[in-house]
Amino acid sequence: MLLDIAAARKVDELPEHYAITPADIDAALAQQKVKLQPGGVVLIRTGTLRHWGTDGDNHAKINEHDSAGITLETAKYLVEQHGSLLIGSDTSGLEVNPAAMGSKSFIPVHTYLLVEQGVHI
């Protein structure tokens with residue numbers, strides 16, 4: 001399931017460091033009139049991919065938006081409430097960067113998904 005978070009927020013691409021919340025997931029689901037199913041694949045569209053062009057050489061423009069991503073709360077929401085087995089995005093890191101203050105790691109979403117839950121990125 002491709003969830004277009006940028007479209008749900010009525011922007012071409014999410015701003016840098018935008019933290020995608022469970023409310024953003026729900027907004028995209030409602031706008032697209034779809035429902036997640038247990039065992040599903042969730043692909044998050046932030047709009048960053050539009051700046052890759054033909055060869056991804058526009059690093060300055062990509063870097064302006066590439067830090068948007070899901071939070072640990074959102075990862076848990078997708079896994080624990082919706083049963084998602086694979087989560088991906090059009091950014092290089094999937095999770096919001098930097099991690100929230102107080103996080104146990106600089107990549108808490110990766111730790112939760114890959115190590116604790118066995119969910120592929």
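The radius of gyration is taken here over C-alpha atoms, and the globule rule used with it is 2.2 Å times the number of residues to the power 0.38. With 121 residues, a compact globule would therefore have a radius of gyration near 14 Å, and the protein chain agrees with this at 14 Å. Its C-alpha atoms fill a box of roughly 35 × 35 × 25 Å, taken along the principal axes.

This is a predicted model, in which local features need pLDDT of at least 70 and side-chain atom pairs count only at pLDDT 80 or more, while totals for chains, interfaces and linings use all residues. Residues are numbered from 1 along each chain as its sequence is written, and side-chain values use heavy atoms, with hydrogens and water left out.

The protein chain has 5 helices and 5 strands, where helices (H or I, at least four residues) and strands (E, at least two) are DSSP runs numbered from the N terminus. From the N terminus on, these elements follow the order β-α-β-α-β-α-β-α-β-α.

An open sheet of 3 strands is ordered β1-β3-β5 with parallel pairing, two strands being paired if DSSP finds at least two bridges between them. The edge strands, β1 and β5, each pair on one side only. Strand β3 is joined to β5 by 4 bridges, and Leu43 stands opposite Gly88 in β5. Helix α2 packs on the sheet and touches β1 and β3, its direction making about 100 degrees with that of β1; contact means heavy atoms within 4.5 Å, and such angles run from 0 to 180 degrees between N-to-C directions, with axes fitted to C-alpha atoms, for helices over the stretch in contact.

The elements named in this report span the following residues.

| Element | Residues |
|---|---|
| β3 | 41-45 |
| α2 | 22-32 |
| α4 | 72-81 |
| α5 | 108-117 |

The axes of α4 and α5 come within 8 Å and cross at roughly 30 degrees. The two helices are therefore roughly parallel to each other, a term for angles under 35 degrees. Their contact is made by Leu72, Ala75, Lys76, Val79 and Glu80 of α4 together with Pro108, Val109, Tyr112, Leu113 and Gln117 of α5.

Two backbone details lie in loops. Most residues other than glycine have a negative phi, and most peptide bonds are trans. The bond from Asn97 to Pro98 is cis, with omega near 5 degrees, and Pro98 is found in the loop between β5 and α5. Lys10, placed in the loop between α1 and β2, has a positive phi near 60 degrees.

Terms used. Parallel < 35°, antiparallel > 145°, perpendicular 65-115°, else oblique.
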